[in-house]
Amino acid sequence: MREPKDFLAEHVRDIPRSGIREFFAIAATMEDAISLGIGEPDFITPWHIRESAIFALEKGKTSYTDNLGLKRLRNEISRYVDKNYGVHYDSTCEIMVGVGVSEVMDCALRAIINPGDKVMYHEPCFVSYSPSVRLCHGEAVAVKTRAEDNFSFNIDEVRKAWTPGCKAIIINFPTNPTGGVADESQLRQLAEFVKEKDMLVISDEVYSELTFEGKHVSIASFDGMKDRCIFLHGFSKAFAMTGFRIGYACAPKGIIEGMMKVHQYAMMCAPIVSQEAAIEALVNGAESMEHMREQYNRRRDFIVGRFNEIGMDCHYPKGTFYAFPSIKKFGMSSMEFAKKILNDAKVAVVPGSAFGPSGEGFVRASFSTSYDNLVKAADRIESAISKW
C-alpha cells in the first residue's frame, strides 16, 4: 500500500512549507524569545472596529452574504479606492470581497492561468507568489531586485526576465519583505511594457497605507491600465485586522466574474461579521491608521539605525513594517544566521532565502512588534554577534 503522502499531487508535494511559519513555530516554543518574524501588527484592532463586529453579532448578522460581498462594503471600497488611488470601480460588478488578500490572489491566478502560462513576479517577494502560480499549473518567472537599488523596481530586469508566454506580472509595492517601492516614473515604464507585451498586472497594494516617504501611486490609475490591472488590497496591515481575514479585488467585470466563480465554489463568501467590521474601518478608521503608521515610522528609524551600527548593513525601507538587513559579512547562509541568532540571542528573524533565491544573504526583521521589544532584540543581537 502506498504511503499517505504518495497520494498527494506532485505539484503540491514539491512545494515547500512557508519559511516564515517554520521560524515562528520554533520561536513560540522558546521561553523569552522575541519574534521579529511574523508580519502582524502588534496593535489590537481599534475598539470602534471591534465594537462594530460585536454589534453585528448582537443584531443577529450571522448569515451568508452575496458571493461578491456585502453591497454596502463594496460601495465603501469603491469610494475608498477612488479617493486614495484615483481609480473608480463599479461596486456592482468590478469588486469582489474575499477571505484575505491571499484568497483573492488565489482566485485571480486560478481565473486567468491556463496550464503552462507564465507569470512574472519581482523577488525577493512574499512567500506565496511563486507557489500560488505553480498550484495553478503555471510557470513562475522571477525578476530580481537589488539592495543597491533599495530593492526598488528596475524595468531593465523585467525586460531581461520576460519570455514568450508571459501572461501577467505580480507586483507588490511597498514590498514584503524588503520595504522597496516603485515611484510613478518606474510604474509608467512598467505600464508601457505591459501594454507592449499585452499582459495583465496583478497589483498587491496591501501595504500602500504604510508608505513612509513620498506618495503611493497605483499602476491601475494610469491611462489604459484599469482594464489590464487586478488591484488587490485588504485590511490586515493598515487597520490591524489580520484575524478578520478580509481582502478584496478590483478589476474589469469579466475578470471579477471569473474570480467570483472560483471564490463561489471554494469559499462562497467572506464572513459577514468581518465584512461589517471592514465597513467601519473604511468609514471611520483613518485616525487610528495614521497613529499606527507614525509608530511604525518611529520603529523603522530605530531598528534600521541599530542594524547599521551593529554592522548588519540595512537600507531604510520606504514602506511596510519590515527591515531587510544584509548578513553576508558573517560568512553564513541566511538560514544558518537565522538559526544561530535564534539560539544565541533568542531573537527570531526570517531567512531571506524564504523569499526566493534573490533574498539569500539577508534576513527579514519585522518592526511591527513593540518599540521596547525592538530595543531588547537589538541589544541581544549586538551582544550575540560580539561573541562570534
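**Figure 1. Lining of the largest cavity.** Ile171, Phe173, Leu187, Ser203, Glu205, His216, Val217, Ser218 and Ile219 line the largest cavity. The model shown here is predicted. The volume of this largest cavity is about 40 Å³. The structure holds 1 cavity of 30 Å³ or more. By class, the lining has 5 nonpolar, 3 polar and 1 charged residues. Ile171 and Phe173 are among the nonpolar residues. Glu205 is the charged one.

**Figure 2. The seven-stranded sheet.** The view shows an open sheet of 7 strands. Their order is E2-E8-E7-E6-E5-E3-E4. The pairing is mixed. Which strands stand at the edges? They are E2 (95–98) and E4 (139–144). Each has a single partner strand, so one side of each lacks a neighbour in the sheet. From one strand to the next, the twist averages 20 degrees.

Figure 3. Glycine 98 stands opposite glycine 247 in E8. Strands of a sheet pair through backbone hydrogen bonds, either parallel or antiparallel.

**Figure 4. Two helices on the sheet.** Helix H5 (residues 100–112) packs on the sheet. H5 touches E2, E5 (166–171), E6 (200–204), E7 (229–234) and E8. The direction of H5 makes about 160 degrees with that of E7. Helix H9 (residues 253–266) also packs on the sheet. H9 touches E2, E6, E7 and E8. The direction of H9 makes about 25 degrees with that of E2.

**Figure 5. The second largest pocket.** About 530 Å³ of space lies in this pocket. Its lining counts 24 residues. Which of them lie nearest the centre? They are Ile15, Pro16, Val127, Ser128 and Pro131. H5, strand E3 (118–123) and helix H6 (129–135) are the elements that give two or more residues to the lining. H6 provides the largest share, 5 residues. By class, the lining divides into 12 nonpolar, 8 polar and 4 charged residues.

**Figure 6. The three-stranded sheet.** This open sheet has 3 strands in the order E9-E12-E11. The pairing is antiparallel. E9 (322–323) and E11 (350–351) are the edge strands. Each pairs on one side only. E11 and strand E12 (residues 363–366) pair over 2 bridges in the antiparallel sense. Proline 351 stands opposite valine 363 in E12.

**Figure 7. The crossing of H12 and H13.** Helix H12 (residues 334–345) meets helix H13 (residues 371–386) in this view. The two axes come within 9 Å. They cross at roughly 105 degrees. Angles of 65 to 115 degrees count as roughly perpendicular, so H12 is roughly perpendicular to H13. Which residues of H12 take part in the contact? Phe337, Ile341, Asp344 and Ala345 do. They meet Arg380, Ile381, Ala384 and Ile385 in H13. By class, this contact has 6 nonpolar, no polar and 2 charged residues. Asp344 in H12 and Arg380 in H13 are the charged ones.

Conventions. Residues numbered from 1 in each chain as written. Predicted model: local features only at pLDDT ≥ 70, side-chain atom pairs only at ≥ 80, totals over all residues. Heavy atoms only, no water. Axes fitted to C-alpha atoms, helices over the stretch in contact; angles between N-to-C directions. Helix = DSSP H or I, 4+ residues; strand = E, 2+ residues; numbered from the N terminus. Parallel < 35°, antiparallel > 145°, perpendicular 65-115°, else oblique. Contact = heavy atoms within 4.5 Å. Pairing = 2+ DSSP bridges. 1 Å grid on protein atoms, 1.4 Å probe; cavity = no way out; pocket = protein on both sides within 12 Å on 5 of 7 lines; lining within 4 Å. Points joined across faces, edges and corners; volume = space filled by probe spheres on them.
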